[in-house]
Amino acid sequence: SERDDLLVCEDIGTEWADFVGVSTTDHRVTFYHCKGGHIDVGASGLHEVVSQATKNLGYLTASSAELRARAARWRGNWNQRPIPRLQRGASVDTFIAGFGNAVVAPQAIRRVMIVTSSLSKAALSQAFDNLDHHAPSASVVHVLWLLSAFVDQCRAAGAIPHIICRP
């Protein structure tokens, strides 16, 4: 999110993502869906974050009315703690304007990031490599289907899918 000049925490409740970032110069909106956990090549930890990411794809092109309806939430604090939901940007109004301008730009970029500590690229690569030599375990097949569905649904919605995980 280093290139996002606007960032709001959406975590907890009826969230669109855990964080929503906007790069006003790149006309880019990014939904960050985060999930921690122990390293696993199973679908359990991944299922929740993939479900959250795919069910909220429509908000990548949120209308002005939808954005304004979130303003009070974004002006508040996270989880009744002294942590402002607006993490970057001068004001919630600036965030709403930046988001709205980004999504209507002809060169708009929409990204969906799954950020998880429960997935290891090396472990997943090894499991996928083993598909050629061994009968796959049910958990590996589930992960393959979840990731494939995530990528497919993002592309169908005009979004670029990304997965950030452990090496």
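User: Is Phe-31 buried or exposed?

Analyst: In this predicted model, a residue counts as buried when its relative accessible area is under 20%. Phe-31 has a relative accessibility of 1%, so Phe-31 is buried. Trp-16 is likewise classed as buried, because its value is 3%.

User: How is a pair of aromatic rings described?

Analyst: Two quantities are given: the distance between the ring centres and the angle between the ring planes. In this structure there are six aromatic pairs. For Trp-16 and Phe-31, the centres are 6.4 Å apart and the planes meet at 25 degrees, so this pair is stacked. The two residues stand 15 positions apart and link distant parts of the chain: Trp-16 belongs to the loop between strand E1 (6-9) and strand E2 (19-23), while Phe-31 belongs to strand E3 (residues 28-35).

User: What kind of aromatic pair do Phe-95 and Phe-99 form?

Analyst: Phe-95 and Phe-99 form a tilted pair, with 6.3 Å from centre to centre and 50 degrees between the planes. Both lie in helix H4 (residues 92-104); because they are four residues apart, about one helical turn separates them. Phe-95 is buried at 1% relative accessible area, and Phe-99 is buried at 0%.

User: Which residues form the aromatic cluster?

Analyst: One cluster is made up of Trp-16, Phe-31, Tyr-59, Trp-74, Phe-95 and Phe-99. The stacked pair of Trp-16 and Phe-31 and the tilted pair of Phe-95 and Phe-99 therefore have their residues in this one cluster.

User: At what angle do helix H5 and helix H6 pack?

Analyst: The packing of two helices is read from the angle and the distance between their axes. Helix H5 (residues 121-129) packs against helix H6 (residues 138-156) at about 110 degrees, and the axes are 10 Å apart. Angles of 65 to 115 degrees count as roughly perpendicular, which means that H5 is roughly perpendicular to H6.

User: Which residues of H5 and H6 meet?

Analyst: From H5 come Leu-124, Ala-127 and Phe-128; from H6 come Val-140, Val-143, Leu-144 and Leu-147. Sorted by class, this contact contains seven nonpolar residues, no polar and no charged ones.

User: Where does Ser-118 lie, and which side chain does Ser-118 contact?

Analyst: Ser-118 is part of strand E5 (residues 109-120). The side chains of Ser-118 and Thr-116 are joined by a polar contact of 2.8 Å. Ser-118 is buried, because its relative accessible area is 8%.

Definitions and conventions:
Residues are numbered from 1 along each chain as its sequence is written. This is a predicted model: local features need pLDDT of at least 70, side-chain atom pairs count only at pLDDT 80 or more; totals for chains, interfaces and linings use all residues. Side-chain values use heavy atoms; hydrogens and water are left out. Buried means under 20% relative accessible area, exposed over 50%, partly exposed in between (1.4 Å probe, protein chains only). A polar contact is a pair of N or O atoms within 3.5 Å; within protein, one must be able to donate a hydrogen and the other to accept it, and residues adjacent in sequence count only if both atoms are side-chain atoms. Axes are lines fitted to C-alpha atoms, for helices over the stretch in contact, and angles run from 0 to 180 degrees between N-to-C directions. Angles under 35 degrees count as roughly parallel, over 145 as roughly antiparallel, 65 to 115 as roughly perpendicular and the rest as oblique. Contact means heavy atoms within 4.5 Å. Ala, Val, Leu, Ile, Met, Phe, Trp, Tyr, Cys and Pro count as nonpolar, Asp, Glu, Lys and Arg as charged, and the others, Gly among them, as polar. Rings of Phe, Tyr and Trp (its six-membered ring) pair if their centres lie within 6.5 Å; planes under 30 degrees apart count as stacked, over 60 as edge-to-face and the rest as tilted.
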